[in-house]
Amino acid sequence: MLRERGGDVKDDYKWRKKGDWWDLYIEEQAGVLEKLRQRGYRAEFAVGLDAALDIITEYLGEPEKQEVEF
């Protein structure tokens, strides 16, 4: 059996408790992010452009403003 996006279907049956990840895929992705953080990388998950820009700006700092002449 294949998922819509491809790949084998894994057994995703688990009693989910409050605070658990939504599904097995998200749980696995959270594990990957944690492993990357343990190796010293900045690994985050953002929902939406504004959240992503906030994470990027926090990491890199505010962009320098430059005057542009036309």
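Select R42 to begin: at a relative accessible area of 34%, R42 is partly exposed. The model is a predicted one. R42 lies in the loop between α1 and α2.

A salt bridge joins E44 to R42, with 2.9 Å between the closest N and O atoms. E44 is partly exposed, at 39% relative accessibility.

Keep R42 on screen and select E58. Here too there is a salt bridge to R42, and the closest N and O atoms are 3.4 Å apart. E58 belongs to helix α2, which covers residues 49-60. With R42 in the loop and E58 in the helix, the pair is 16 residues apart and links distant parts of the chain. E58 has 60% relative accessibility and counts as exposed.

Now show R42, E44 and E58 together. Through salt bridges that share partners, these residues form one network.

Move on to helix α1, residues 24-38, and select E34 and R37. Their side chains meet in a salt bridge, at 3.4 Å from N to O. How many residues apart are R37 and E34 in helix α1? They are three residues apart, so about one helical turn separates them. Both side chains can be checked against the surface: R37 has a relative accessible area of 35% and is partly exposed, while E34 is partly exposed at 38%.

The tour ends with the total: a search of the whole structure finds three salt bridges.

Technical notes
Residues are numbered from 1 along each chain as its sequence is written. This is a predicted model: local features need pLDDT of at least 70, side-chain atom pairs count only at pLDDT 80 or more; totals for chains, interfaces and linings use all residues. Side-chain values use heavy atoms; hydrogens and water are left out. A salt bridge is a side-chain nitrogen of Lys or Arg within 4 Å of a carboxyl oxygen of Asp or Glu. Helices (H or I, at least four residues) and strands (E, at least two) are DSSP runs, numbered from the N terminus. Buried means under 20% relative accessible area, exposed over 50%, partly exposed in between (1.4 Å probe, protein chains only).
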